[in-house]
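Have the structure open as you read.

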Amino acid sequence: GLNGGIPEGSWVTITGRPKYGKSLLCLNFCATCQRDYDKHIYYIDIENRLKKLNIEGINGLNITDKFHIVRSDYGKILTAEEYLEIAENIIKSHPGCVIVLDSVSALCTAAELTKGMDEIQRADGPKLLAKFCRKVTNIIPTNKTILLCITQLMGNPSGYGATEKEKSGFAISYQMDVKLKAKKMELWIEKEKQIGQIVTWLVECSALGPPGMEVDSYIRYGYGIDKVIETIVIASDLGLLKKSAS
């Protein structure tokens, strides 16, 4: 679906509804980059929801070597400014690495973080993200960094245009080389038991070919993306394998 993959020096956006496998897709990509290309992974866990169970359930992901998690800790809650400054420093000082921002929609500025719930405070995350884009746009391709940004969707109450839109602002739309959107999800059932889910991804743009293609991810619980099943399905679709049973 990506016409060959994700090249070095790319800005990637992954979006979709909750629980469609956005973080899992990023973790599987990180595992491939570790195993096949010996890359360092920096997972910036802005939502602080990445659990040990999640990362241990990804086949091939090495969480003890070349896998670094950046997140808030007890007594030190990181602001949007601090998260993006950390990401900027990694991009500058660690060429060739892979960085995951999970998710940019959850960025909360210092001003917003310290205000009371009863005080009206404009969410300046998109504005700050736009500044981050301007600062690193020339560095990412130069240092051959791969930056994966996960975005969330929100409802569009205006009644005009799409019913959903991304919570990230327009700036990253101009930066991205690759964009994947989770289009739909269905349960993966075997022997009357749910063993995972099948997610259809729409390639809204690709660095190596035309957009508009769709690809299915077979997510097996406790394992990650089942590439064996995906290979069999692709081979069957191409006529290289012949199915004889269900």
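## A lysine in a loop

K39 sits in the loop that joins helix 1 to strand 2; helices (H or I, at least four residues) and strands (E, at least two) are DSSP runs, numbered from the N terminus. With a relative accessibility of 8%, K39 is classed as buried, a label for values under 20% with a 1.4 Å probe and protein chains only.

The K39 side chain has a polar contact with the side chain of E8, at 2.6 Å (N or O atoms within 3.5 Å, one able to donate a hydrogen and the other to accept it; residues adjacent in sequence count only through side-chain atoms). Beyond its neighbours within four places in sequence, K39 also has contacts (heavy atoms within 4.5 Å) that include C33, K66 and K144.

## How the model is read

This is a predicted model, with local features needing pLDDT of at least 70 and side-chain atom pairs pLDDT 80 or more, while totals for chains, interfaces and linings use all residues. Residues are numbered from 1 along each chain, and side-chain values use heavy atoms, leaving out hydrogens and water.

## The largest pocket

Which residues lie nearest the centre of the largest pocket? They are L2, G5, L25, V215 and E230, out of 33 lining residues. A pocket here is an open set of points on a 1 Å grid over the protein atoms alone where a 1.4 Å probe fits, with protein on both sides within 12 Å along at least five of seven lines; lining residues have an atom within 4 Å of a point.

Definitions and conventions. Buried means under 20% relative accessible area, exposed over 50%, partly exposed in between (1.4 Å probe, protein chains only).
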